[in-house]
Amino acid sequence: LSVDFEVDSLSYGLKWIPDANREITFSFVDNDSYFATDYSQYNENLAIHEPTDEFKIAVREALKLFENVINVSFVEVEETSSLNGILRYGITDNINAPAWALPPYNKWLNPADLTNYEAYHSAGDIWFNSNRFLANDPNPGNYEFSTILHETGHALGLKHPHEAFTN
């Protein structure tokens, strides 16, 4: 942490560790994406919609905004049965909220800490409600685009300023 309480109060205390090139990968969930058997109690992965081109463009634009203020580059990768981005963007029928994101989790501990199995497998995943995000194109300045920015912040380890400091 930074030792600045105002800055530290926005962090979950968890963060992704970029590779040597300061890169963090991201990908878009689709029907061919792989998920652990017990991925989540909400089963977001069981009601996936292919992201629209407009949604993908908006995510890429949002990540460029983050690149402007943090020393990291976001690199898109194609999801396969054995590869996905550290940040994963998906659209699902199985959430009631407009969107939610899972904060970082240290997947690279050796040996792995699987005491929180769900957090281990879903960390960095960002889910968007299909009713909202298939019906409305995210554009800079609108609710959908702002939600992409907001949830990406959570997936990067930022929390709401009113949440308890739990580090």
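1. Thr147 and its surroundings. In this predicted model, Thr147 touches Ala99, Phe128 and Phe133, setting aside neighbours within four places in sequence. Thr147 belongs to helix α5 (residues 143-155). Its relative accessibility is 9%, so Thr147 counts as buried. The Thr147 side chain also reaches the backbone oxygen of Tyr143, at 2.8 Å.

2. The aromatic cluster. Ring pairs join Phe128 and Phe133 with Phe26, Phe28, Phe55 and Tyr89 in a cluster. The count for the model comes to 12 aromatic pairs.

3. Phe26 with Phe28. What is the geometry of the rings of Phe26 and Phe28? Their centres are 5.9 Å apart and their planes stand at 85 degrees, so this pair is edge-to-face. Phe26 and Phe28 are both buried.

4. Phe28 with Tyr89. Here the ring centres of Phe28 and Tyr89 lie 6.1 Å apart. The planes of Phe28 and Tyr89 meet at 40 degrees, so the pair is tilted. Which parts of the chain does the pair link? Phe28 is in strand β1 (residues 23-28) and Tyr89 in strand β4 (residues 87-92).

5. A charge over a ring. Arg88 places its charged end over the ring of Phe35. The distance from that charged end to the ring centre of Phe35 is 4.4 Å.

Note on methods
Residues numbered from 1 in each chain as written. Predicted model: local features only at pLDDT ≥ 70, side-chain atom pairs only at ≥ 80, totals over all residues. Heavy atoms only, no water. Phe/Tyr/Trp six-rings, centres within 6.5 Å; stacked < 30°, edge-to-face > 60°. Buried < 20%, exposed > 50% of the residue type's maximum accessible area, 1.4 Å probe, protein only. Helix = DSSP H or I, 4+ residues; strand = E, 2+ residues; numbered from the N terminus. Lys NZ or Arg CZ within 6 Å of the ring centre and 35° of its normal. Polar contact = N/O pair within 3.5 Å; in protein donor to acceptor, adjacent residues only side chain to side chain. Contact = heavy atoms within 4.5 Å.
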